[in-house]
Amino acid sequence: MDAAGAFQPYGDDGVRRYIGSADGGGLQALPDYMASLLRHEPVTDTWVSPSNGLRFEGGGWGVYVSNKKLRDHDIVVIAHNGKCADRITGRSPAKRVNGLLRVNFDDKLPPAGAKGRPKMTLNAIYSVLVEVPAGVFPADLDGAFLPGSDVVSWIACNSRKYPCEAAADKGTELWTLLSTPAFAKANKVPQEFIDAETEAMVTRRMVEEVLSRCAVGGDASATAGDAVLWQKVQLWGAGVPINRWEAEDGASFIFDAEHGIGSAGDWLCRPSVEGAFVSGLELAEFLCRTGGAEDAGLQGRFVPAGGASGIGDVGDAAPKPEDIYMSEEEYAQRSRGGGRGRGL
């Protein structure tokens, strides 16, 4: 879009661009299209146990489901992070890859110079989807960061991104609210089972925080109980990387040629959907070019990543040092097992 607001073609700049469509499921249209080009139909929705589902056998990899071999592979790629990625590679001889997949869960990094080898660090984020009467939140607001809030980092109107006729007919709107990592850490529960009390508390705190900042007509007295008609709460226990692996060779992925295993993800590029896509695409191109005969990305260091919102590499605001690193006092307290809680 140019300065006058008119769209202009990119021209022949050599850049490949992928566009999802609403008819094709939005972003899902991209992997569906790419999967359609494969010579073999991919196996999806299949649980590979992190305990023994991936086994290094005879110079290759066996993939097991319910202790039965599904397939043999010359090369495997871990397009995942968190505890399962660590565990699924933990018993393999690919120690260089497994060492980088080990992970901490926190909303801040240890202070510079802290003892121990730096690890990938993932924060936690609550995602709350709510249905509210149209007009509860500003009609001219599609999405916004909430800088300075301790509770909510981002809000967006789903109904304006993907119009829903059923909601429009009822005179309601759907909104997504993302918490700050600090709020999610303070109120973290097992993500597989969020109890009703926690769900109600998280919804109330986050909705009332938005109402206090974005109330129509300046009326900040409304409560979540008045506004919310329906809600769905999800905790991303391993939400967004707050640091990334900066490889000495500039690779946005890692690959161990000796064992034929690599990893792709936003923690190797930049914490965003785009970063994850670029990492996977560049690893695929590397394997096509080299046949997996070369190492890549295994030497480097972890560096801070992401914006001030705490939800990844989105937005222009850069985080302050105190938002990235724990203080020495905070680090000492957390090292002793403190710093946890459920502030209500």
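**Reading a sheet and a domain interface**

Trainee: Which residue in strand 10 is the bridge partner of W154?

Mentor: In strand 10 that partner is L178. This is a predicted model, where local features need pLDDT of at least 70, side-chain atom pairs count only at pLDDT 80 or more, and totals for chains, interfaces and linings use all residues. Residues are numbered from 1 along each chain as its sequence is written, and side-chain values use heavy atoms, leaving out hydrogens and water.

Trainee: How many bridges join strand 9 to strand 10?

Mentor: Strands of a sheet pair through backbone hydrogen bonds, either parallel or antiparallel. Here, five bridges join strand 9 (residues 152-157) to strand 10 (residues 172-179), and the two run antiparallel. Strands are DSSP E runs of at least two residues, helices are H or I runs of at least four, both numbered from the N terminus; pairing takes at least two DSSP bridges.

Trainee: What is the strand order of the open sheet?

Mentor: Its five strands follow 8-9-10-7-11, with antiparallel pairing. Strand 8 (143-145) and strand 11 (230-236) are at the edges with a single partner strand each, so one side of each lacks a neighbour in the sheet.

Trainee: Which salt bridge does K185 form?

Mentor: K185 forms one with D106, their closest N and O atoms being 3.4 Å apart. The rule asks for a Lys or Arg side-chain nitrogen within 4 Å of an Asp or Glu carboxyl oxygen. Across the interface of domain 1 and domain 2, it finds one salt bridge.

Trainee: Where do the domains lie in the chain?

Mentor: Domain 1 is 46-120 + 242-329 and domain 2 is 122-239, with bounds from an automatic or database assignment.
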